[in-house]
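Dear colleague,

I am handing over the structure we spoke about, and below it you will find my notes on what turned up when I went through it. Please read them with the coordinates open beside you.

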Amino acid sequence: MDQMTQKIEFIHEHRLIRRSAIRYIIPATLTIACGQIAPIIDSICISTGLGDTELSATSAAIPIMYVFNIIGALGGVGCAITVSKCSGSGEKEKAGRAFTTAFFFMVIATILVSTLLFIFMDPILHFSGATDDNIGFAREYFRVILIGSLFITLTFAGYYILTGDNNPKLALAGNIVALSVNAIIDVVGIFVLHLGIWVTAFGTVFSMFCCCIVYAWHLKREESLCCFVFSKMKGERIHLWEYIKPGLPVAVMYALYLTEMIVQNNFLRYANGSSGLGDAAVIENLQLIITMFLAGASETMMPLASSFFGEKNRSCMLMSKKVIVRTGFLALLPVLIILLAFPQLFMMMYKIEDPVMLQTLPSAIRIVSLSSIFIFLTDVTVNYLSAIENERNATISYFIQFVVHFTMIWLITKADPDNAPWYANLISNMASAAFLLFICKQYKGIIGFYRENSLLMTGGHATGETIAGWKKLASEVLTEKQTEEMTEKILDPFEKAIPAGEAPLSAFTILEKGNGDRSVILRYNSRKDYMGDGGEEDEDELSEMEENLYDECIRSEFNSMRRMMINMRG
């Protein structure tokens, strides 16, 4: 028992995963905050500078904009997960092919969809909830959005792609630029130049154009896996669907969310007219704010889990789930308490004078805030399942949420029509979370540690004595020849390369894979490759590397740290 405990020490990998998670979560949270604050600034400027009717017009136009999120999710999330898996497995050429294919898919799909929306704009806006009072404002706003729709898609997708390719800081820089540009255009356009609602739409699309320019710098990054690859891949040909499939659950989520918002807008329009649409606009902004505190954690699940999935490291996949759930709840709890106790604090941001809105909003804010707990659990689990190629259950969970949501609206309407959409939202998210956690048994990993396919899991600060201990433990689970190869290609070069006076926090793991193959993995807390830069590889060199992923030391950036790995045949 003591010997086994010595061979399996979760604490070292757990520490590194926490550090990686924080390095993703902090820029991701700030990035998402910038993205979510922008439409809130739009709403506040429209509400205070133009009026409640103009604000209600955005409630009809904004749901349709989620069409571009659907395209961005398929291309961006699908590409990001594929790239993260390639980061784990070392398949650089496949990552470049995934990026190239996804990019052109998003460009073509966005142009086609925008053209159709432009042709059928008026009936679509009426279907989305526009009234005779605000259809003119909705048309004025949406026309500008369609002109710049490609930048909306690429900005949404680019955040995921950059995060999946170990560059969340550049994603943050792009969104800070976008937020600044959008805020300046909104304030100057409405309060200084006294322009119409179209200027807020222009601010949105032009700011996202600026964001895309910043994102483009990622292609010049030396260690970027994202690059344009136009030559045919050697070996098996992979079609578009294989690259975009990991993004299917997120795309389905936005498709169903779009449908829910349209039905909700029509329900509130018939119940309370423009006041109901005003409620919807305020609640949409509340959901954006809550997302700032949750999405940074929940979306970090994708690069973490998918990279470990590519590495075939099931213990660390489950550990990443534990880290993300705990971090998200710590961020959510204080916000949730404030919103439940003092919903009027959120309402103070808006110049609300409508007596119906003043009466109905506090309860709506409380109910939607409580729903955020179950939304977070669902999002984390869905992102985890997407990362490990279980998109089916992830997609089913959103359909369950969709069916329960509309069933509950119909049942609750007679008892409490003002709050029926918000109660339906709470119950449907509870149902979705229950399906994932208990029916799909995804509670595993949230509490406790699991050995899974690890033969050895140890680590610590990399000193000469510590590394000697790793060699001894490795010799007990590897053959003599494998031990010599591991020592020659990983541990001895690593020990010699460590700068004097440094002892980086490290994790040393040996995995046994399903086909009997084994992987020896050394991770250390540094962005610097102690063995020196590998230089730039051309496409032929990338192909040769992928043909020989066994018995060669793969050195790469991995989840904002460094990794050395050797795959050994069983």
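Is Cys553 buried, partly exposed or exposed? This is a predicted model, and in it Cys553 counts as partly exposed, because its relative accessibility is 25%. Cys226, by contrast, counts as buried at 1% relative accessibility.

Turning to the strands, β1 (residues 454-461) has 7 of its 8 residues buried, so the rest of the structure largely encloses it. This strand pairs with β2 (residues 505-512) in the antiparallel sense, over 7 bridges, and Gly460 is found opposite Ser506 of β2.

Among the helices, α18 (residues 420-439) comprises 20 residues and spans 27 Å from its first C-alpha to its last, which is close to the 28 Å expected at 1.5 Å a residue. Just after α18, Lys441 adopts a positive phi of about 60°.

On the surface, finally, there is a nonpolar patch formed by Phe104, Ile108, Leu112, Leu219, Phe228 and Phe230, whose accessible area together is about 580 Å². One of these residues, Leu112, belongs to helix α4 (residues 92-119), and Leu112 counts as exposed because its relative accessible area is 54%.

With best regards

Key. Residues numbered from 1 in each chain as written. Predicted model: local features only at pLDDT ≥ 70, side-chain atom pairs only at ≥ 80, totals over all residues. Heavy atoms only, no water. Helix = DSSP H or I, 4+ residues; strand = E, 2+ residues; numbered from the N terminus. Expected span 1.5 Å × (residues − 1). Buried < 20%, exposed > 50% of the residue type's maximum accessible area, 1.4 Å probe, protein only. Pairing = 2+ DSSP bridges. Patch = residues over 30% accessible without salt bridge, like charges linked within 9 Å, V, L, I, M, F, W, Y side chains within 5 Å. Areas by Shrake-Rupley, 256 points an atom, 1.4 Å probe, with all protein chains shown as cover. Salt bridge = Lys/Arg side-chain N within 4 Å of Asp/Glu carboxyl O.
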